[in-house]
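My plan is to go from one chain to the pair, and to write down each thing I look up.

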2 protein chains.
Amino acid sequence: MFVAMNRFRIVQGREADFERVWAERDTHLDGVPGFLEFRLLRGPEADDHTLYASHSIWTDRDAFEAWTRSEAFRKAHAGAGERRDLYLGHPEFEGFETVLDR
Amino acid sequence: MFVAMNRFRIVQGREADFERVWAERDTHLDGVPGFLEFRLLRGPEADDHTLYASHSIWTDRDAFEAWTRSEAFRKAHAGAGERRDLYLGHPEFEGFETVLDR
């Protein structure tokens, strides 16, 4: 499996707005080859932000990379760049391969 | 759901040793109330280390916290602190609550 994570630092007090953006967003992931699961997670609070992480889980890295070159990806990210007032800095992407799964 | 993550920075060239420690480790998680799934993930390489993450997934934060106070937790971490030569710095813990799951 391949886990594509993005980490988002959200301005304190704007957490509900950020969660609403995701709840209303069409991720266009249903039916994408190799896609398994998507989660949005709320993590620890720091002095000036709350950390969130998105995890999309794929059968393998190739399936994820094919998606990033697809029309479905373009549609899912059509609104990216809006609502910059919610964020401290850019999202940080990290890709992970499964070593153990129990 | 609650996702308990640890991030590990592993000295370059010691990745196989680190993975072997986990492959041979008994996590004592089977049968723990509220435990759902465990994964060890290998992430991006930096100049001086490779990033790994462990994810343990729980029904809720209370189940995770009860485990951290249990005998099973003590057994699972009996060997922690050994093999410090594999690590750059301490593992970083972050706990996340599920906001969306698709």
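**Entry 1: one chain.** I read along the sequence of chain A and noted the pattern β-α-β-β-α-α-β. Here helices (H or I, at least four residues) and strands (E, at least two) are DSSP runs, numbered from the N terminus. Chain A comes to 3 helices and 4 strands. I then looked up the radius of gyration of chain A, which is 14 Å, close to the 13 Å that the globule rule gives for 102 residues, so chain A is as compact as a globular protein of that length. The radius is taken over C-alpha atoms, and the rule is 2.2 Å times the number of residues to the power 0.38.

**Entry 2: ground rules.** This is a predicted model, where local features need pLDDT of at least 70, side-chain atom pairs count only at pLDDT 80 or more, and totals for chains, interfaces and linings use all residues. Residues are numbered from 1 along each chain as its sequence is written, while chains are lettered from A and ligands numbered from 1 in the order in which they are written.

Entry 3: I boxed the C-alpha atoms of chain A along the principal axes and got roughly 35 × 30 × 20 Å. Buried residues make up 18% of the 102 residues in chain A. A residue is buried if 20 or more other C-beta atoms, placed from the backbone, lie within 10 Å of its own. Next I took the contacts in chain A with a separation of 6 or more; residues 24 or more positions apart account for 74% of them. Two residues are in contact if their C-beta atoms, placed from the backbone, lie within 7 Å.

**Entry 4: two copies.** How is chain B laid on chain A? I found a turn of 180 degrees, a shift of 0.0 Å along the axis and an RMSD of 0.0 Å. The two copies are thus related as by a two-fold rotation axis. In chain B, His55(B) comes closest to the axis, with its C-alpha at 5.7 Å.

**Entry 5: where they meet.** The contact takes 22 residues from chain B and 22 residues from chain A. On the side of chain B that touches chain A, E4(B) gives the most, with 8 residues. I also checked the interface residues: 100% of those in chain B are interface residues in chain A too, so the copies meet through the same surface.

Entry 6: Two strands pair if DSSP finds at least two bridges between them. Within chain A, E1 (residues 2-11) and E4 (residues 92-101) pair over 6 bridges. There, Phe2(A) has Glu97(A) as its bridge partner. Between the chains, 4 bridges join E4(A) to E2 (residues 35-45) of chain B. Asp101(A) stands opposite Arg39(B). E2 of chain A and E4(B) also pair over 4 bridges, and Leu41(A) has Thr98(B) as its bridge partner.

Conventions
Least-squares fit on C-alpha atoms with pLDDT ≥ 70 in both. Buried ≥ 20, exposed ≤ 12 C-beta atoms within 10 Å, placed from the backbone.
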